[in-house]
Amino acid sequence: MLSFLYARQSGLDDPVRLRRAESTRRVLSLELNHNRDVDRIHGNGINTLDIEVIDGRYMLSGGSDGIIVIYDLENNSKKSQYTCKAICTVGRSSRHVHKFSVETVQWYPHDTGMFVSSSFDKTMKVWDTETLKPAEEFQFDGNVYCHHMSLVARKHSLVAVGTKDPKVQLCDLKSGSRIHILQGHRGEILSVRWSPRYDHILATASTDSRVRIWDVRRASGSLFTLDQHNGDKSKASSEAVNTAHNGRVNGLCFTADGLHLLTTGTDDRMRLWNSATGENTLVNYGKVVNESRKGLKFTVSRGCSPEFVFVPCGSSVAVYGLHSGELITMLRGHYNNVDCCEFHPDYQELYSGGKDCNILAWVPVLRKPDIEDDETNSKRGGTQAAINPAFEDAWSSDED
């Protein structure tokens, strides 16, 4: 650690190196925090979590019981052992509550005064955080599996919605109406994701085994369909041509820079794609057990070198190296299947929710003080220390 500080202080290295190295070390040391509880409010499984990006303080959860909860993640007690309190709940006593399972919740990206939820009751609701009443409600013909708002859009306020219908719906928050549909899939839409790099690029995943990339400015339809065989028809059966997986595709996640897209399928595979070209990078993650019949909510780290992927896997969360495909560790603590996880980039923490009705907090282990290296210390006037191996790995990978 001190070697990084010395290099930073001396101007020998970019300050980003130090931040990335420490972020990487923190992710590699994640463990279940027994001193931090999250209020247990849901009476059924937790399907979705979202942490707002404005302050990084408030977290939404949605469950199979139709309930939506807002938690305050801040430690107001200043004690080492504390509980993240539920400060607002849209519970069964509210006449506005979803009648069936809430599948997705998301904060409005530019303001914590609003959030959006979608449910198996065939509705998507836009909520006023202050009053906990819907400011807008969109009705659909079938179950709503997912929705997503762009984190970077300034020119539009579109919400992409995936339902039982093969058509992807685009809803405009400004006008309160459905303004466009995207046609091309032949099955239910289980996941939708806007690119964090371009506000007009959208990825959609379906039960038809396909992932399509769209430019919503174009009327002609999708830009391209992801092909697991990269166009090599000799490796694909006639049914598998232009398919991303050999089964339902139920999970999508862009990397923070938007350059790559991760997909998960019920063929127990996870794939990494170049989001600009649609090329399968052929990173081998091995068998990634995926038993979810609905959308799988997984996430990617931000600010690390290398980056990591967190994927619900049975009653655990599997942590993979994004570009290496290596299984780094399994985070075990739930008593039943995990359905969602959310990464907190400000503190390199992870929150996971499962069918056991629990939300668990995975927190980095505090770094032990560096042991001073007498020889190096004497050369640099007492300012240098032995390099922590985790930092050394991050440093070398960053140089590569």
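Predicted model: local features only at pLDDT ≥ 70, side-chain atom pairs only at ≥ 80, totals over all residues.
Three strands, in the order β19-β20-β21, make up an open sheet with antiparallel pairing. Strands β19 (249-254) and β21 (269-274) stand at the edges with a single partner strand each, so one side of each has no neighbour in the sheet. On average, and with direction ignored, neighbouring strands of this sheet are turned by 20° against each other.

The pairing of β19 can be followed residue by residue. Its partner β20 covers residues 260-265, and the two strands are joined in the antiparallel sense over five bridges. Within this pairing, C253 has L262 of β20 as its bridge partner, while F254 stands opposite L261 in β20. The hairpin formed by β19 and β20 has five residues between the strands, and in this hairpin G258 takes a positive phi near 75°. Strand β19 is also mostly covered, with six of its six residues buried.

Attention now turns to the loop glycine. G113 lies in the loop that links β7 (102-107) and β8 (114-119). Leaving aside residues up to four places away in sequence, G113 touches W127, D128 and T129. For G113 and W127, which are 14 residues apart along the chain, the C-alpha atoms are separated by 8.4 Å.

Technical notes: Residues numbered from 1 in each chain as written. Heavy atoms only, no water. Pairing = 2+ DSSP bridges. Helix = DSSP H or I, 4+ residues; strand = E, 2+ residues; numbered from the N terminus. Axes fitted to C-alpha atoms, helices over the stretch in contact; angles between N-to-C directions. Contact = heavy atoms within 4.5 Å. Buried < 20%, exposed > 50% of the residue type's maximum accessible area, 1.4 Å probe, protein only.
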